Amino acid sequence: MAKFFKPKQKEISSKHFSVKVIDIDIKGRAVCKDASNPKITWFVEGGLLGEELIVRTKDLKKDIGIAEIISVKSRSNDRISPKCKYYAQCGGCSLQHMPIDLEINAKVSGLKRLFQKNLGLDIQEPEKVEYGNEYSYRRVCRLSTVGDKNSFSIGMRKAYDKKIIEIDECSILEEELSALIPTIRETFLKLGNYKLIGHVELVKVDSGIVVLIRVINNLSERDLGILREFAKNNKVEVFLQIRHEKQANELEDREIIINILDNTEKPYYMIDGVKISFLPTDFIQINENVNKAMVETALDYLNVNKEDHVLDLFCGLGNFSLPIAKRAAHVYAIEGVWNMVRAGNENAKDNNLDNIEFIVHDLEEDFENTVWAKSKITKALLDPGRNGAQRVSTYLVKRKIDDIVYVSCNPLTLLRDLKIFLQAGYKIQKWSVFDMFPKTEHVETVVLLSRDKA
């Protein structure tokens, strides 16, 4: 039998050791040093500047290590008690030990360091830093469920684990959504077969509260009656996302979304005087107030007028493009998900905006020869997912679009793509920071780029 070389896996010591916190990174993690081994930089969740921590190694590669706190040996005066009783276990938040001003400072300082390190730019302070409420801000939430014949659990996933932490409340959820969690659990326990439930999504928007229940097969009439009673008693809309796991391969036949009260009106939210309707399976920004501030800033940065032909890439339902259409001559709104494109066109019609076209296209694939990509464009906005927009950035540079607003949820891919613009002669005119997810590591950035025409 042939023998293959198998490298020995590096053993991680479980020995406890002491580190000193020397900085806080963009994710809110403590940057630490061990005096006995100063070559290694340690990253530890839950520490604050100046603290001495007793930690244990989780991962170590060359001179970068990840460790977890065993205890806080020397405590910072800035440390605060987490508001959430599940904080130590739940994977939803990581910064409840940190005051909001320190959180914001860590994210802004981290962004500035990344600009310097990746682009060689000593960028000015952001024009705006918006964060809204620290708690009770989240208007969209997914709850995980697991059930068998003996038990049923509903809650959040454990940090770095698939196990579910049972919760009765969530401190970052809007209060009306948080208050629903025990009632949802009680309702599900009445069902004849709660094992069919996959997960639950809660949404609170201008039209009211929506509960989306994902199930893997049709529910009985008895169980549907229980859910209808829950919807009526709690004055919420209940949708079922029915996905038949054992059916044929045709995706459209396998997944159905229904409102159990047969209400044909979709949920909606308002922004900049525009009504945006959606299905609860569609993506919307989770923080209403910060989203409004972000859209307002993007509109201000683009400074659209009735002569402008604007391209909105990764447009979703039209969170930016529908408000832009109120000001522009024409808008091309491009999105890769067909259902959202269809909803976008319906929203344009409902808002009497006939100068906007929602078009489906995967922006990771060839698009340069499409009609919209060759049409007249004077300004552009892009709001990609975490993978960024490398191909799109290259296209916009070739088109020599004068003014571009880049909205980013991932600083690393943002900086990668900004390099494309900067090398082509664009300059960063303004930038702002939006803490869409307070008490978590995430941060949104809005950047205005203008072409150097000299």
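This section describes the strand pairing, nonpolar cores, salt bridges and selected loop residues of a predicted model. Local features were considered at a pLDDT of at least 70 and side-chain atom pairs only at pLDDT 80 or more, whereas totals for chains, interfaces and linings use all residues. Residues are numbered from 1 along each chain as its sequence is written, and side-chain values use heavy atoms, with hydrogens and water left out.

Helices (H or I, at least four residues) and strands (E, at least two) are taken as DSSP runs and numbered from the N terminus, and two strands are said to pair if DSSP finds at least two bridges between them. A closed barrel of 5 strands runs in the order β1-β2-β3-β5-β4, and its pairing is mixed. On average, neighbouring strands of this sheet are turned by 50° against each other, direction ignored, where axes are lines fitted to C-alpha atoms (for helices over the stretch in contact) and angles run from 0 to 180 degrees between N-to-C directions. Strand β21 (residues 426-434) has a parallel pairing with strand β6 (residues 128-130) over 3 bridges, in which V129 stands opposite V433. Strand β21 also pairs with strand β22 (residues 444-451), here in the antiparallel sense and over 8 bridges, with S432 opposite V446 of β22. In general, strands of a sheet pair through backbone hydrogen bonds, either parallel or antiparallel.

Residues are classed as buried under 20% relative accessible area, exposed over 50% and partly exposed in between (1.4 Å probe, protein chains only), and a nonpolar core is a set of buried Ala, Val, Leu, Ile, Met, Phe, Trp, Tyr and Cys residues joined through side-chain atoms within 4.5 Å. The largest such core contains 90 residues, of which F188 and I324 touch the most other members. Helix α5 (residues 288-302) supplies the largest share of this core, namely 8 residues. When residues up to four places away in sequence are not counted, F188 touches F152, I154, Y194, I197, V200, I213 and L227, contact being defined as heavy atoms within 4.5 Å. A second, separate core comprises 41 residues, among them F314, L363, I404 and F421.

The structure holds 26 salt bridges, each defined as a side-chain nitrogen of Lys or Arg within 4 Å of a carboxyl oxygen of Asp or Glu. R142 forms one of these with E201, the closest N and O atoms being 2.9 Å apart. This pair links distant parts of the chain, with R142 in strand β7 (residues 140-147) and E201 in strand β10 (residues 197-205), 59 residues apart. R142 is partly exposed at 48% relative accessible area, whereas E201 is buried at 12%. The side chains of R185 and D168 also meet in a salt bridge, at 2.8 Å from N to O. Because R185 lies in helix α2 (residues 175-189) and D168 in the loop between β9 (164-166) and α2, the pair ties together parts that are 17 residues apart in sequence. Here R185 is buried at 13% relative accessibility, and D168 is partly exposed at 39%. A further salt bridge joins the side chains of K379 and D308 at 3.1 Å from N to O. K379 lies in strand β19 (residues 379-382) and D308 in the loop between α5 and β16 (309-313), so that distant parts of the chain, 71 residues apart, are linked; both K379 and D308 are buried. N410, in the loop between β20 (403-408) and α9 (411-423), is buried at 12% relative accessibility, and its side chain reaches the backbone oxygen of R386 at 2.9 Å. Most residues other than glycine have a negative phi. N352, in the loop between α7 (338-350) and β18 (356-360), has a positive phi near 55° and is exposed at 69% relative accessibility. K439, in the loop between β21 and β22, likewise has a positive phi, near 75°, but K439 is buried, with a relative accessible area of 0%.

Note on methods: Polar contact = N/O pair within 3.5 Å; in protein donor to acceptor, adjacent residues only side chain to side chain.
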